[in-house]
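Let's walk through this one together, chain by chain and then across the place where the chains meet.

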Amino acid sequence: MTISTIEPFSQTYENHHSWIYNWLCKKLASRDDAADLTQDTFVKVLQRDMPEDIIEPRAYLTKIAHDLMVNFYRRKSLEQAYIEAISQLPEAITPSSEERLLLLETLQEIDEMLTTLPDHVRETFLLSQLDGMRYKDIAAKLNVTERTVKRYMALAFTHCLTFAV
Amino acid sequence: MSSNSVNIPEHVIKEVVMWLVKVQDDDLTSQEQQTLLAWRNENHLHELAWQRAENLGMTLQKIPPDLGKQVLGRSATMDRREFAKHLGLLLTLVPIGGITYKYAPWQAVLADIKTATGEQRTIQLADGSQLMLNTDSAVDLAFNDTQRLVKLYRGEIYIKTAKDSAQRPFLVQTAQGQLHALGTEFVVRQHADYSYLGVIDSAVDVLPKDDPQQNLIIEKGQQTRFDSTGIEAPSPLDDNANAWIHGVIYADNMPLSEFISYLKRYRTGVITCDESCDDIYVSGSFQINDPEHILHVLEKTRPIEIEWRTRFWAKISKKQH
């Protein structure tokens, strides 16, 4: 990185840090979470090479902070659904804490990929990929044509492979 | 850099998705399989897209179906007040804070192809070569028009190269240097500060990173260790160098502590073996897919005691009489 890109960034940080933090504090229950997400916002800015000629930095930064917050809530809701699912398992097959953590990470990875897909596409994808159901059985279950199932699957695969980072 | 960060053009994604939907819908005819292989071979971006798809499949396979549907199929929108109510529960039940996590170098985290502890995985590459990953390993594939490059970041791999129609060289890169396969079968292991090479068939040329002029050809039945500046004189191939490919650890009067150091790689957790075991030896061929079972067998057949402190923590000492 050259000096010229560091300069504007440190300025950006100084000019915008406090209002982003305050903005997040209003949206989140916890000040710690707000501080974390404020940091994450600037990390994202660094990663993305903020355009130098940006006219409205506030709008740009708010968008990043907002996206991070949505992501934060989605992760929390996933963790909660996961805990509920795990607590329903018979004790004998409850995974160990290490296995639980690994599984949670895998679920988060997949969840992030699937998040913007429409519900019926996501459901089709899960029936096919987790249950191993055949397309024609999924079509019968969801009362759609097999062609529609294939279209949904193509959409989901395209999304996952494009999104995979 | 991970090839996951490579941008795959939209039309390539479209094509690979078409194949995926087809593969999952019916079994491919042998004609179609040939067409698919030819497509993968046609362009390294095709192969990259295919590997990325296989990776996605591997990830999905790790999820237990019922649990996955319940968690991933949950309602996408969630009321925030509802969320706040459950926050307390979340904090008491998830033991994340107490787990020490093994940090891997970032390349290994981002790598295309990975195995977990105790997992092994075999991959058929587009050129027909065979790549096998041993436990806790990570590689990236960088195939292009001029070379077939495998980057080993962590763990151990076995490679059996196939003749390439485009005659591209087959290379393996480790932290300490590069290996040029000379039509061959070999294993490579990444250690903390050196690399290990064992040649099973034909020969492999070793080029240390900082001094590639000091290259050395290692022949069939030989093994060596090298760092970025030099290569050790080759020695005869260790019995265990390629036993893992067949899923076993082979021991011929092996000191117990050495045996345990092999076993550890396949098992999550801690095993310690104290000094009282110094005169205990092990012989036999042991299936590595069940390390717990091996420990039980050892306890029955050798004069040792295993103290289980937790499910993951075993302490071995000599039986006192």
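Two residues are in contact here if their C-beta atoms, placed from the backbone, lie within 7 Å. Keep in mind as well that this is a predicted model.

With that in hand, look at chain B and find helix H2 (residues 30–42). Trp39(B), Arg40(B) and Glu42(B) of H2(B) meet His46(B), Glu47(B) and Trp50(B) of H3(B). As for geometry, the axes of H2(B) and H3(B) come within 5 Å and cross at roughly 115 degrees.

Chain A has seven helices and zero strands, and its pattern along the sequence reads α-α-α-α-α-α-α. Chain B, on the other hand, has eight helices and 16 strands. How much of each chain is buried? In chain A, buried residues make up 24% of the 165 residues, while in chain B 30% of the 321 residues count as buried.

Take the contacts in chain A with a separation of 6 or more: 55% of them are between residues 24 or more positions apart. For chain B, among contacts between residues at least 6 apart in sequence, 45% join residues at least 24 apart.

Next, the meeting place of the two chains. Here 39 residues of chain A are in contact with 39 residues of chain B. On the chain A side, the elements that give two or more residues are helix H3 (57–87), H4, helix H5 (119–129) and helix H7 (146–163). Which of them gives the most? That's H3(A), with 10 residues. The side of chain A that touches chain B divides into 21 nonpolar, nine polar and nine charged residues.

Two packed helices are described by the angle between their axes and the distance between the axes.
For helix H4 (residues 97–114) of chain A and helix H4 (residues 65–72) of chain B, the axes come within 11 Å and cross at roughly 45 degrees. An angle under 35 degrees would count as roughly parallel, and one from 65 to 115 as roughly perpendicular; H4(A) and H4(B) are therefore oblique to each other. Their crossing is right-handed. From H4(A), the contact is made by Leu107(A), Ile110(A), Asp111(A) and Leu114(A), and from H4(B) by Gly68(B), Val71(B) and Leu72(B). That makes five nonpolar residues, one polar and one charged in the contact of H4(A) with H4(B).

Leu107(A) turns up again in the largest nonpolar core, which holds 33 residues. Leu107(A), Phe157(A), Leu161(A), Val16(B), Ala49(B) and Ala53(B) touch the most other members of this core. At least two residues each come from H3, H4, H5, helix H6 (135–142) and H7 of chain A, and from helix H1 (10–25), helix H3 (44–61) and H4 of chain B. H7(A) supplies the largest share, seven residues. Pick out Leu161(A): what does it touch, leaving aside its neighbours within four places in sequence? The list is Ile13(B), Val16(B), Val17(B), Ala49(B), Arg52(B), Ala53(B) and Leu56(B). Apart from this core lies another, of 29 residues, including Leu133(B), Leu141(B), Ile157(B) and Val187(B).

Asn143(A) is not a glycine, yet has a positive phi of about 60 degrees. Look for Asn143(A) in the loop between H6 and H7 of chain A. Is Asn143(A) buried or exposed? With 7 other C-beta atoms within 10 Å, Asn143(A) is exposed, since 12 or fewer is the cut-off. In chain B, Asn253(B) also has a positive phi, of about 55 degrees, although not a glycine. Asn253(B) sits in strand S12 (residues 248–255), and with 7 C-beta neighbours inside 10 Å Asn253(B) counts as exposed.

Back in chain A, Arg134(A) lies in the loop between H5 and H6. Arg134(A) has 16 C-beta neighbours inside 10 Å and so counts as partly exposed. From Arg134(A) to Glu146(A) is 12 residues in sequence and 9.8 Å in space, C-alpha to C-alpha.

Note on methods: Residues numbered from 1 in each chain as written. Chains lettered and ligands numbered in written order. Predicted model: local features only at pLDDT ≥ 70, side-chain atom pairs only at ≥ 80, totals over all residues. Axes fitted to C-alpha atoms, helices over the stretch in contact; angles between N-to-C directions. Helix = DSSP H or I, 4+ residues; strand = E, 2+ residues; numbered from the N terminus. Parallel < 35°, antiparallel > 145°, perpendicular 65-115°, else oblique. Left-handed = near helix turned anticlockwise from the far one by under 90°. Nonpolar A, V, L, I, M, F, W, Y, C, P; charged D, E, K, R; others polar. Core = buried A, V, L, I, M, F, W, Y, C linked by C-beta atoms within 7 Å. Buried ≥ 20, exposed ≤ 12 C-beta atoms within 10 Å, placed from the backbone.
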